[in-house]
Amino acid sequence: MKINIINKSSHQLPHYETLASAGMDLRAHIEHDIILNPMERTIVPTGLFMELPVGFEAQVRPRSGLAAKHGLTVLNSPGTIDADYRGEIGVILVNLSKETFTIKNGERVAQMVIAKHERAKWNEVQTLSETRRGEGGFGSTGRQ
């Protein structure tokens, strides 16, 4: 599948690092470093604008290395970019660590997964089919 994209940054286009990669890294497109203090959040611009086909979305997800090593994550994870959005892709990052983190131009701040999706039609009913799980949720199936 080909997707129209405008790259206003000086960085390479997002790409798959390996044959089996699901996501492509998004890089910060900033003139000055962003200092992200503990518990602060910011929107990091990427300089990318795209035109997704109807029936597809782009999901913006955290990078595991930033999350594990520095406590940075995507706040609305996964963030959804809809097919009719034409603005710049921005990444909402939050610093959940106790240390200040500096975001530099070109830094890989998130990953993006292109996914097909369905549109649901509601069928309003009075009862639902029964299952073994039933109404159990929020950890009701055990701690494992």
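Which strand order does the open sheet of four strands have? Here are some notes to read beside the model.

1. **Ground rules.** This is a predicted model, in which local features need pLDDT of at least 70 and side-chain atom pairs count only at pLDDT 80 or more, while totals for chains, interfaces and linings use all residues. Residues are numbered from 1 along each chain as its sequence is written, and side-chain values use heavy atoms, with hydrogens and water left out.

2. **The four-stranded sheet.** To answer the opening question, the order is β2-β11-β6-β8, with antiparallel pairing. Strands are DSSP runs of E with at least two residues, helices are runs of H or I with at least four, and both are numbered from the N terminus. Two strands pair if DSSP finds at least two bridges between them. β2 and β8 (79-81) are the edge strands with a single partner each, so one side of each has no neighbour in the sheet. From one strand to the next, the twist averages 35°; the axes behind such angles are lines fitted to C-alpha atoms, for helices over the stretch in contact, and angles run from 0 to 180 degrees between N-to-C directions.

3. **Partners of β11.** β2 is joined to β11 by four bridges, and the two run antiparallel. Strand β6 (residues 56-61) is also antiparallel to β11, with six bridges. Elsewhere in β11, Ala 115 is the bridge partner of Glu 57.

4. **The three-stranded sheet.** Another open sheet has the order β4-β9-β7, again with antiparallel pairing. Its edges are β4 (41-45) and β7 (72-74), each with a single partner strand, so one side of each is left without a neighbour in the sheet. Neighbouring strands here are turned by 35° against each other on average, direction ignored. Three bridges connect β7 with strand β9 (residues 90-95), and Thr 73 stands opposite Val 94 in β9.

5. **His 11.** Leaving aside residues up to four places away in sequence, His 11 touches Arg 27, Ala 28, His 29, Asn 105 and Gly 106, with contact meaning heavy atoms within 4.5 Å.

6. **Arg 63.** This residue sits in the loop between β6 and α1 (64-70). Arg 63 is buried, with a relative accessible area of 18%. A polar atom of the Arg 63 side chain lies 3.4 Å from the backbone oxygen of Arg 108. Among the residues that Arg 63 touches are Asp 25 and Gln 111.

7. **Gln 126.** For contrast, look in the segment after β11 (108-116), where Gln 126 is found. Gln 126 counts as exposed because its relative accessibility is 79%. Gln 126 and Thr 102 are 24 residues apart in sequence and 53 Å apart in space, C-alpha to C-alpha.

Terms used. Buried < 20%, exposed > 50% of the residue type's maximum accessible area, 1.4 Å probe, protein only. Polar contact = N/O pair within 3.5 Å; in protein donor to acceptor, adjacent residues only side chain to side chain.
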